[in-house]
Amino acid sequence: SAVANQATLESKHQKLNQQQQEEQWTAKGGTVVVNSNEQERKLYWCQDRYSVSLRLQLCPAEKVKSVTAEGIVKFEDRHAAISTTKPRLQCRGYKSGKGNEN
């Protein structure tokens, strides 16, 4: 039926948009699956010479309160793609409507 065809087209369009968005989010970067509060979520990252951008998949109604990054080396201080310091990213947040911190 026409309604089913329209729904299929919309679904394909949404998937294509999501794929294009993820490609933008991971240009010169990648995707990592992380465990947070016993829940798997994706961490997207991309970089250029001047910055690194991180995007963490959030659950519905989840809000970010603060972000801390440790062990990150400035671009001009890097001589190799590896380091002995393991970077650490910590995000604190809460579910909107509740005062609970994650």
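Residues are numbered from 1 along each chain as its sequence is written. Because the model is predicted, local features need pLDDT of at least 70 and side-chain atom pairs count only at pLDDT 80 or more, while totals for chains, interfaces and linings use all residues; side-chain values use heavy atoms, with hydrogens and water left out.

**Overall layout**

The chain has one helix and five strands, running α-β-β-β-β-β from the N terminus on. Here helices (H or I, at least four residues) and strands (E, at least two) are DSSP runs, numbered from the N terminus. The average pLDDT, which is the predictor's confidence in each residue from 0 to 100, is 75 for the chain, and 82% of the residues score at least 70. Confidence is lowest in helix H1 (residues 2–25), at a mean of 76, and highest in strand E2 (residues 39–47), at 84. Of the 102 residues, 9% count as buried; buried means under 20% relative accessible area, exposed over 50%, and partly exposed in between (1.4 Å probe, protein chains only).

Arg-41 lies in strand E2 and Glu-62 in strand E4. Arg-41 is buried because its relative accessible area is 5%, and Glu-62 is buried because its value is 11%. The polar contacts of this pair are tabulated below; such a contact is a pair of N or O atoms within 3.5 Å where, within protein, one must be able to donate a hydrogen and the other to accept it, and residues adjacent in sequence count only if both atoms are side-chain atoms.

| Side chain | Partner | Distance |
|---|---|---|
| Glu-62 | Arg-41 side chain | 2.9 Å |

**A nonpolar patch**

Leu-58 brings us to the surface. Its place is in the loop between E3 and E4, and Leu-58 is partly exposed because its relative accessible area is 40%. Together with Val-52, Leu-54, Val-64, Val-67 and Leu-89, Leu-58 forms a nonpolar patch with about 490 Å² of accessible area. Strand E3 (52–56) and strand E4 (62–70) each supply at least two of the patch residues.

Conventions: Patches are made of residues with over 30% relative accessible area and no salt bridge: like charges are joined within 9 Å, nonpolar side chains (Val, Leu, Ile, Met, Phe, Trp, Tyr) within 5 Å. Accessible areas come from the Shrake-Rupley method with a 1.4 Å probe; for residues, only the protein chains shown count as cover. A salt bridge is a side-chain nitrogen of Lys or Arg within 4 Å of a carboxyl oxygen of Asp or Glu.
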